[in-house]
Amino acid sequence: MLAWWRNRSRSRADSLAAKANRLAADGLWVRAEAALRQVVRLRTDELGPQAPATLAARGELAAALAALRRYEEAEDELRAGRAAAAGPRWVDGCSTLTVAAD
């Protein structure tokens with residue numbers, strides 16, 4: 001049963017990614033952004049934040065945000081992807097993923 005759900009989630013994320021690509025190709029960046037946010041969420045839930053497919057979706061979302069001239073948000077997405085790719089850091093015995101920034 002769990003394998004069925006995983007395959008369903010992947011196919012949902014894949015179909016949303018294809019839809020987002022079509023919307024972006026048509027210049028419909030606002031709708032593409034909404035679809036890409038869902039893709040990032042689905043792939044993060046299913047595959048984890050460090051998975052190549054999740055990181056690629058974050059990059060595509062950043063591109064959509066840049067096309068909308070929302071550069072700070074695009075930069076935030078790129079930073080989040082970079083942090084996820086690097087994995088957790090350990091400082092004084094604590095993971096930086098669990099320590100809130102001041």
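This is a predicted model: local features need pLDDT of at least 70, side-chain atom pairs count only at pLDDT 80 or more; totals for chains, interfaces and linings use all residues.

Q: Where does Val40 lie?
A: Val40 is in helix α2.

Q: And what does Val40 touch?
A: Leaving out residues up to four places away in sequence, Val40 touches Thr54, Ala57, Arg58 and Leu61.

Q: How far apart are Val40 and Glu60?
A: In space, 9.4 Å from C-alpha to C-alpha. In sequence, they are 20 residues apart.

Q: Thr54 was among the contacts of Val40. Is Thr54 buried or exposed?
A: Thr54 counts as buried, because its relative accessibility is 0% and the cut-off is under 20%. Thr54 lies in helix α3. Its contacts, again without residues up to four places away, are Val40, Arg43, Thr44, Leu47, Gly48 and Pro49.

Q: Tell me about α3, then. Which of its residues are buried?
A: Thr54, Ala57, Arg58, Leu61, Ala62, Ala64 and Leu65. They sit on the same side of α3, because they cover an arc of only 160° around the axis.

Q: What covers them?
A: The cover on the buried residues of α3 includes α2 (29-47) and α4 (71-86).

Q: How many residues does α3 have, and what does it span?
A: α3 runs over residues 52-67, which is 16 residues. From first C-alpha to last it reaches 23 Å, close to the 22 Å expected at 1.5 Å a residue. Just after α3, Arg69 has a positive phi of about 65°.

Q: Now α4. Which residues are buried there?
A: Ala74, Glu77, Gly81 and Ala84. These cover an arc of only 90° around the axis, so they are on the same side of α4. They pack against α2 and α3.

Q: What is on the face turned away from the buried side of α4?
A: That face carries the exposed residues Tyr71, Glu72, Arg79 and Arg82.

Q: What follows α4?
A: Gly87, and its phi is positive, near 85°.

Q: Back to Glu77. What is its relative accessible area?
A: 13%, so Glu77 is buried. Setting aside residues up to four places away, Glu77 touches Arg37, Arg58, Leu61, Ala62 and Leu65.

Q: On to salt bridges. How many are there?
A: A search of the whole structure finds eight. One of them pairs Glu33 with Arg37, with the closest N and O atoms 2.9 Å apart. Glu33 and Arg37 are both in helix α2, four residues apart, about one turn of the helix.

Q: What other salt bridge does Glu33 make?
A: Glu33 also meets Arg70, at 2.9 Å from N to O. Glu33 is in helix α2 and Arg70 is in the loop between α3 and α4, so the pair ties together parts 37 residues apart in sequence. Arg70 is partly exposed, with a relative accessible area of 28%.

Q: And what about Arg37 and Glu73?
A: Their side chains meet in a salt bridge too, at 3.4 Å from N to O. This pair links distant parts of the chain, with Arg37 in helix α2 and Glu73 in helix α4, 36 residues apart. Glu73 is partly exposed, at 32% relative accessible area.

Q: Which residues do shared partners join into one network?
A: Glu33, Arg37, Arg58, Arg70, Glu73 and Glu77.

Q: Change of topic: the nonpolar core. How many residues does the largest one have?
A: 15 residues. Those with the most contacts inside it are Leu16, Leu36, Val39 and Leu61. α1 (2-25), α2 and α3 each supply at least two residues of this core.

Q: What does Val39 touch?
A: Ala13, Leu16, Ala17 and Ala57, not counting residues up to four places away in sequence.

Q: Last one, the whole chain. What is the order of elements?
A: From the N terminus on, α-α-α-α-β-β. That is four helices and two strands. Of the 102 residues in the chain, 28% are buried. The accessible surface comes to about 7,000 Å², and 55% of it belongs to carbon and sulfur atoms.

Definitions and conventions
Residues are numbered from 1 along each chain as its sequence is written. Side-chain values use heavy atoms; hydrogens and water are left out. The expected span of a helix is 1.5 Å times one less than its number of residues. Buried means under 20% relative accessible area, exposed over 50%, partly exposed in between (1.4 Å probe, protein chains only). The arc is that of the directions from the helix axis to the C-beta atoms. Contact means heavy atoms within 4.5 Å. Accessible areas come from the Shrake-Rupley method with a 1.4 Å probe; for residues, only the protein chains shown count as cover. A nonpolar core is a set of buried Ala, Val, Leu, Ile, Met, Phe, Trp, Tyr and Cys residues joined through side-chain atoms within 4.5 Å. A salt bridge is a side-chain nitrogen of Lys or Arg within 4 Å of a carboxyl oxygen of Asp or Glu.
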